[in-house]
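Colleague: Could you walk me through this model before I set anything up? I'd like to hear about its pockets and its sheet.

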Amino acid sequence: MNKLSRLLMFLAALSLGLLFLSPMWKIYLKAPQYPEGLEMHIWVNKISGSSESVLQNFNILNHYIGMEPIHAESFAELKIMPYIVFAFMITGAIVALVGKRRLILYWGVLLLIGGAVGILDFYLWLVKFGTNLSPEAPIKVPGMTYIPPLLGRKQLLNFEALSLPSTGSLGILLALVFAAIAYYVSRKNKLEEQTLITT
């Protein structure tokens, strides 16, 4: 790997730091009783709201429909994910230092798999919360579930739910793009060297 490839690989590893600076995902709820909307932020290590009362309002709504309250402490994933992200950042930096092009490929594929597993886990989390409803709920609608959309918009009773990736997820995208460019630049450089040797 040449200097440019190593630099790009360092940038790929550093990009994952965005996951600690901004939420990965946002879920919005809007209804006539909440015209300003409620915005829940899902981070790599915590759950928060756009204001202090947002999570409390989410949980009040959850109580009426029999959904479990949302607390960051309930999710083992939020305790594990920071270590996984750190591991990718450290191994990405090691790949840049070692300078083996093939390692970029392995790192990128593992990051893709990690991202896919994270999205699947998030979907299962939504299904669990949306379907595991208390029979003692004040509001019961036969056959109704409250699974928020994984991505996009969905109507749940009189609530409009919108689920979108946030800035933190951009860190994963940037990491993959930088790693792909690092691999391409390194491969192109190697091919040029081979061409010079044979000519």
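**Pockets and sheet**

Modeller: Happy to, and keep in mind that this is a predicted model. Let me start with the second largest pocket, where β1, α3 (54-65) and α5 each supply at least two residues of the lining.

Colleague: Thanks! Which element gives the most to the lining of the second largest pocket?

Modeller: The pocket holds about 400 Å³ of space. Its lining is made up of 21 residues, and those closest to the centre are Leu29, Leu61, Asn62, Ile65 and Met67. With five residues, the element that gives the most is α3.

Colleague: How many charged residues are in the lining of the second largest pocket?

Modeller: Sorted by class, 18 of the lining residues are nonpolar. A further three are polar, and the number of charged ones is no residues at all.

Colleague: Now the largest pocket: what is its volume?

Modeller: Its lining draws at least two residues from each of α4 (77-98), α5 (101-131) and α6 (167-198). In total 31 residues line the largest pocket, and Met24, Met81, Gly115, Gly118 and Ile119 lie nearest its centre. The volume comes to about 810 Å³.

Colleague: And which helix gives the most to the lining of the largest pocket?

Modeller: By class, the lining has 25 nonpolar, four polar and two charged residues. Three helices, α4, α5 and α6, each supply at least two of the lining residues. The top contributor, with nine residues, is α5.

Colleague: Which residue in β5 is the bridge partner of Tyr28?

Modeller: Strands of a sheet pair through backbone hydrogen bonds, either parallel or antiparallel. Here β1 (residues 25-31) and β5 (residues 159-165) pair in the antiparallel sense over six bridges. Within β5, the partner of Tyr28 is Leu162.

Colleague: Last one: which residue in the turn between β4 and β5 has a positive phi?

Modeller: β4 and β5 run antiparallel and are joined by five bridges, with Gly152 standing opposite Ser163 in β5. The two strands form a hairpin with two residues between them. The turn residue with a positive phi, of about 55 degrees, is Leu157.

Methods
Residues are numbered from 1 along each chain as its sequence is written. This is a predicted model: local features need pLDDT of at least 70, side-chain atom pairs count only at pLDDT 80 or more; totals for chains, interfaces and linings use all residues. Side-chain values use heavy atoms; hydrogens and water are left out. Two strands pair if DSSP finds at least two bridges between them. Helices (H or I, at least four residues) and strands (E, at least two) are DSSP runs, numbered from the N terminus. On a 1 Å grid over the protein atoms alone, a cavity is a set of points where a 1.4 Å probe fits but cannot get out, and a pocket is an open set with protein on both sides within 12 Å along at least five of seven lines; lining residues have an atom within 4 Å of a point. Grid points are joined across faces, edges and corners, and a volume is the space filled by probe spheres set on the points. Ala, Val, Leu, Ile, Met, Phe, Trp, Tyr, Cys and Pro count as nonpolar, Asp, Glu, Lys and Arg as charged, and the others, Gly among them, as polar.
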